[in-house]
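Please look over the sequence and the structure before reading on.

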Amino acid sequence: MRRKSKVSFPVSIGAASLLVAFLVLCIATFAGLTLSAAKSDENAAVQLAERRSAYYEASNRSESLVQLVANAAEDASGANWMQDAAASIEEKTLAMDSVEVSVEEEDGIPVISWEIATAQDQVLQVEVVLQEPDKDGRLYRIRCWKTIPADEWEAGGTKTMLPVIPE
């Protein structure tokens, strides 16, 4: 008599293994994407912190210069107090090595201006105008306090948005 042996392969084990392998692959892919996004967010946060820190440093230096302008305006007296104050400001700021302060006249009124680098591609531009005392007794007015690009923009120029990896 012949004996028949039945060999059966459980189909459910193969399907379950494939499902588990697919799920592990999906989870690994999502973990990699999450790690990449987290690293990108960290880099953006570090760059933003550096830019803000540089801006605040430039802003603090500009506040000190505005205070110097205010003190020079208060110390000046006489009919030509504006010109005397402007000369005093020019004299005091010549010793500063990192900030170039310029004093120009517009319609006989001194305008003190300077630029301080805030980031690699930006500068803080400040302009202070001396004036007759206003209702608060202030002898100056801040006409401009803004960040501007450090370099002129040229039409038609190209900028690499993604790094090119050589083959």
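## A salt-bridge network and its surroundings

Glutamate 127 counts as buried, at 18% relative accessibility; buried means under 20% relative accessible area, exposed over 50%, and partly exposed in between (1.4 Å probe, protein chains only). Salt bridges that share partners join this residue, Glu127, with Glu106 and Arg143 into one network. The model is predicted: local features need pLDDT of at least 70, side-chain atom pairs count only at pLDDT 80 or more, and totals for chains, interfaces and linings use all residues. Residues are numbered from 1 along each chain as its sequence is written, and side-chain values use heavy atoms, with hydrogens and water left out.

A salt bridge is a side-chain nitrogen of Lys or Arg within 4 Å of a carboxyl oxygen of Asp or Glu. By this rule the count comes to five.

| Arginine 143 | Glutamate 106 | 2.9 Å |

Helices (H or I, at least four residues) and strands (E, at least two) are DSSP runs, numbered from the N terminus. Arginine 51 is partly exposed at 36% relative accessibility, and aspartate 121 is partly exposed at 41%.

Arginine 51 is also among the residues touched by threonine 118, together with Ala54, Tyr55, Ala58, Val123 and Leu124, not counting residues up to four places away in sequence; contact means heavy atoms within 4.5 Å. Threonine 118 is found in strand β2 (residues 109-119) and is buried, at 3% relative accessibility.

Strand β2 pairs with strand β1 (residues 101-106) in the antiparallel sense over six bridges; two strands pair if DSSP finds at least two bridges between them. Tryptophan 114 in β2 is the bridge partner of valine 101. The hairpin of β1 and β2 has two residues between the strands, and aspartate 107 takes a positive phi near 55° there.

A search of the whole structure finds one aromatic pair. The rings of tyrosine 55 and tyrosine 56 have centres 5.9 Å apart and planes at 65°, so the pair is edge-to-face. Rings of Phe, Tyr and Trp (its six-membered ring) pair if their centres lie within 6.5 Å; planes under 30 degrees apart count as stacked, over 60 as edge-to-face and the rest as tilted.
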